[in-house]
Amino acid sequence: RLRLTLGSPDDPLPDCDVCIVQRTALPTVDAVDGLVRQLGAMGAALVVDVDDAFRLIGPDHPEHDLYRPYNAALDRLVAAAAETWFSTPELAEAYAALAPRSVIVPNAIDPRLWRDWRKPRPTPFAGQKVRMLYMGTHTHGADFALVRPALDRLFAERGDAFDVTLIGVAPDVEPAPWLHRLSPPAEAVSYPRFVRWLREQGPFDLGLAPLVDGPFNRCKSDIKALDYAALVMLPLVSDSPAYRADTALARHIVLVGDEGWYEALSSVLDDRAGAAERARVLHDWLWSNRVVAKGAASIAARLEAYRR
């Protein structure tokens, strides 16, 4: 049996067979070198989990200055790892020169967080308005700007037929009659608590996931579409590698080109019954195909190979 222990970089390193480091948990090259020395002394393997192309963040990205100091440490980690897990092939390619031992581990949903069998999700598209949600970190201002003109035009033509709720996304989004902001409380910052809080919001019908085309965004995963599907929402997403990687998922969601947001949104408003059926079918598909249990056996087998 494998025993997993959760910890932070400040905790003493226990005797182990494998140490998994996620993203930029180690902020400096010195911290990485110290960990590698300890693992070498105990004969343990280092596995690194990366789900964003931090080394491709350009100077126009809101978190460029934040992540620039971490990149040297993350590159050092990936180069020293027995293997590195990447969420997409494009992301693996971004680190290919450093990580010849790469494994694609697609993101998945944990039903224990996202599903409550005692409280079924509300039927989507059942209200007078189509309620849209766009959630993400405070780095998505340019992405939201991609869909903003279509929303402004839709409001000019259809008035209060819809509204949009932003969670995060960008701090300086211009107000609009159709736009609302929602902020999680301080106690809901951690991922499990955020999910529980999010399940109590809404309900929402349509999930927006625009992505401006660029090297960093082309390495993104489809996790946002999975989040929306877990809440019985129909995802409208940019037609990008992130949302085409899983061809089965791509058949259930709405892929939108940069100039196609108005037409896609109008189609949903014109056929709410069809959109509701697509959201329901996607919701059912999700729990059989993109949950953590589906990939657990293969991950456990990979880790078992490092047992001393």
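**Reading aspartate 258 and its chain**

Mentor: Aspartate 258 lies in the loop that links strand E10 (254–256) to helix H10 (261–270). Please bear in mind that the model is predicted.

Trainee: Is aspartate 258 buried, partly exposed or exposed?

Mentor: The class follows from relative accessible area: under 20% is buried and over 50% is exposed. Aspartate 258 has a relative accessibility of 40%, so this residue counts as partly exposed.

Trainee: Which residues is aspartate 258 in contact with, once neighbours within four places in sequence are left aside?

Mentor: Contact here means heavy atoms within 4.5 Å. On that basis, aspartate 258 touches Leu146 and Leu211.

Trainee: What share of the contacts in the protein chain joins residues 24 or more positions apart?

Mentor: Among contacts with a separation of 6 or more, that share is 72%. The secondary structure of the chain consists of 12 helices and 10 strands.

Trainee: How does the radius of gyration relate to that of a compact globule?

Mentor: A compact globule of 308 residues would have a value near 19 Å; the protein chain has 21 Å, which agrees. Its C-alpha trace extends about 65 × 45 × 35 Å along the principal axes.

Methods
Residues numbered from 1 in each chain as written. Predicted model: local features only at pLDDT ≥ 70, side-chain atom pairs only at ≥ 80, totals over all residues. Heavy atoms only, no water. Helix = DSSP H or I, 4+ residues; strand = E, 2+ residues; numbered from the N terminus. Rg over C-alpha atoms; globule rule 2.2 N^0.38 Å. Buried < 20%, exposed > 50% of the residue type's maximum accessible area, 1.4 Å probe, protein only.
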